[in-house]
Amino acid sequence: MLDARHQYGATHPLLLVSLLIALLVGVPIVGVLSNLFSPHELTNSVSTFSHLWGTVLPEYVVNSLIIALIVAVLTAVIGLGCAWLVAVFNFPGRRFFEWALILPLAMPAYVVAYAYTDFLQFTGPIQSALRAMFGWQGQSYWFPQIRSVGGAGLLFSFVLYPYVYLLARNAFIERSPRMLDAARTLGAGPWQAFFQVSLPLARPAAAAGIALALMETLADYGAVAYFGVPTLTTGIYKSWYIFSDRTAAAQIAAVLLIAVMGLMLLEQKNRGRARYYAVGGRSAAQLATQLNGRRAWGAALFCALPILCGFFAPLLILLRLLWNADAISFGVRYFDWLQNTIVLGGVTACIAVTICVLMAYAARVSNSKMQAWCNRIVSMGYAIPGAVIAVGILIPLAYIDAWNSDHGIALILSGSVIALVYAYLVRFLAVSFQSVQTGLLKITPAMDASARSLGHGIGSMLMRIHMPLLWRSVLTAGLLVFVDVVKELPATLTIRPFNFDTLAVITHQLASDERLGDAALPALTIVLVAIVPVVMLARAIAKTKD
């Protein structure tokens, strides 16, 4: 039987693994925040913060909060609404929407920003067509600006809602049909059953998805920088790379980190000690409720709009740019970029899933507060911009390589693939961890007690009891990490080895040079690479429902 010390004590062997992982994840974070408290910087820290607060910091905070609020509301409405509709109701196109709603996850936010800016700007096809049609001249008419705080919020919402949809849909699919049947026998309609039964059961998944979307929003640089919207992240980049003010950058990063930690703690406190288990399993005989008439077409339209805005419209714009571009001749370099992108994504996803399964499982079998803090540290990395993490990694690795050089050992860490994968793990472990932890929360502890009574140890219980129930969550976690690595830009730009480019790097470089036609090809390839695992996951999950 499982030793009590392993279940509740601080000597749990998985806790040692978690401590090591948390230490590695915390190194770049501590490296960045240490600028606030180092003896050299501390004398200027207070004056620098006062200057920031009196000039640019309020604007950074307000813009970031407005964008985050828009994203939180819209991703919750779109993600939960679409997940509920395709999981419970039958309407025209439902089979298509089940997997197509995940497609925007393959679209990098900065690529969508390039596409919509080109399409909606003054010289773009939309405004040009309107002027030709109605005879408008110059500034004699009003047209909504995509390069704005509201435009950034809408863009992020249409790109990031799949985080909520994917996790919430898993929860809705695995809900207990008996609970819904009981609610309906008591007179509850479909919407009452949604708010009173299914939504509470899906709350951990929905909260995890919204948290991921918010952290991705707050950490983004490419889209808001291209839009010219000053946020906390753009402030970090300006302070660090343009003005070379590490103290100011660290203080703005600290504000961003504290804000995200506050959101995480608030959600955990609001959840309290509540747990949500899907007791009773799925039922193959459960039938979707048929919608007819206006309700059916309204549901179809509700699901179609986010796919159109988040995927198909940007895709068509990119195809138009590619069609109108001059001859593109990348040659063998294109296949090198593709190979680098796929290998980095696959390796990072496998390592991240393995780490997060161990840490989430350690939190389940251990009651240690140290384990809880380790998990929180792992979740912090996603809130830090990729380039800041990259700098935080390069500093300690440079010291290690300097020591190696003094002892006749080659420089193997700084500017290497190892350092790049390290940065990816720090940045994206939270993506994998949220999904795996949510899956474990839905497995009732009664199974653990039964397994222990039958003589199963920690490893046996994980591999033979929990993993068969967790495979969808693990697959989801690996997919999310893979897609994020494929789209990652700042960390790759900063750490990548010499002459080691990815599709994201090339897309950014071409777009920065206003070669949007040339950038369309690697951008489309990013989308195609990400679509393959997205569709595979969506169809695999859809088959388990029938």
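# Notebook: contacts, rings and surface

I looked up threonine 123 and set aside its neighbours within four places in sequence; Ser128 and Arg131 are in contact with it. I am working from a predicted model, so I keep that in mind throughout.

**Threonine 123.** Where does threonine 123 lie? I found it in the loop between helix H6 and helix H7. Helix H6 covers 109–120, and helix H7 covers 125–134. Next I checked its accessibility. Threonine 123 has a relative accessible area of 61%. The cut-off for exposed is over 50%, so threonine 123 is exposed.

**Charges over rings.** I followed Arg131, one of the contacts of threonine 123. Which ring does the charged end of arginine 131 sit over? I found the ring of phenylalanine 122, with the charged end 4.0 Å from the ring centre. The charged end of arginine 147 sits over the ring of tyrosine 226. Here the distance to the ring centre is 4.7 Å.

**Aromatic pairs.** I searched the whole structure and got ten aromatic pairs. I picked out phenylalanine 311 and phenylalanine 312, whose ring centres are 5.1 Å apart. Their planes stand at 85°. The cut-off for edge-to-face is over 60 degrees, so this pair is edge-to-face. Is phenylalanine 311 buried or exposed? I read 3% relative accessibility for phenylalanine 311, so it counts as buried. I read 30% for phenylalanine 312, so that residue counts as partly exposed. I also wrote down one aromatic cluster. Its members are Phe91, Phe96, Phe97 and Trp99.

**Valine 73.** I located valine 73 in helix H4, which spans residues 57–88. Its relative accessibility is 45%, and it counts as partly exposed. How many residues along the chain separate valine 73 and serine 157? I got 84 residues.

**A nonpolar patch.** Which residues make the nonpolar surface patch of about 350 Å²? I listed Leu20, Leu23, Leu24 and Val27. I then took leucine 23 from that list. Leucine 23 has its place in helix H2, residues 13–33. At 54% relative accessibility, leucine 23 counts as exposed.

Methods:
Residues are numbered from 1 along each chain as its sequence is written. This is a predicted model: local features need pLDDT of at least 70, side-chain atom pairs count only at pLDDT 80 or more; totals for chains, interfaces and linings use all residues. Side-chain values use heavy atoms; hydrogens and water are left out. Helices (H or I, at least four residues) and strands (E, at least two) are DSSP runs, numbered from the N terminus. Buried means under 20% relative accessible area, exposed over 50%, partly exposed in between (1.4 Å probe, protein chains only). Contact means heavy atoms within 4.5 Å. Rings of Phe, Tyr and Trp (its six-membered ring) pair if their centres lie within 6.5 Å; planes under 30 degrees apart count as stacked, over 60 as edge-to-face and the rest as tilted. A charge sits over a ring if NZ of Lys or CZ of Arg is within 6 Å of the ring centre and within 35 degrees of the ring normal. Patches are made of residues with over 30% relative accessible area and no salt bridge: like charges are joined within 9 Å, nonpolar side chains (Val, Leu, Ile, Met, Phe, Trp, Tyr) within 5 Å. Accessible areas come from the Shrake-Rupley method with a 1.4 Å probe; for residues, only the protein chains shown count as cover. A salt bridge is a side-chain nitrogen of Lys or Arg within 4 Å of a carboxyl oxygen of Asp or Glu.
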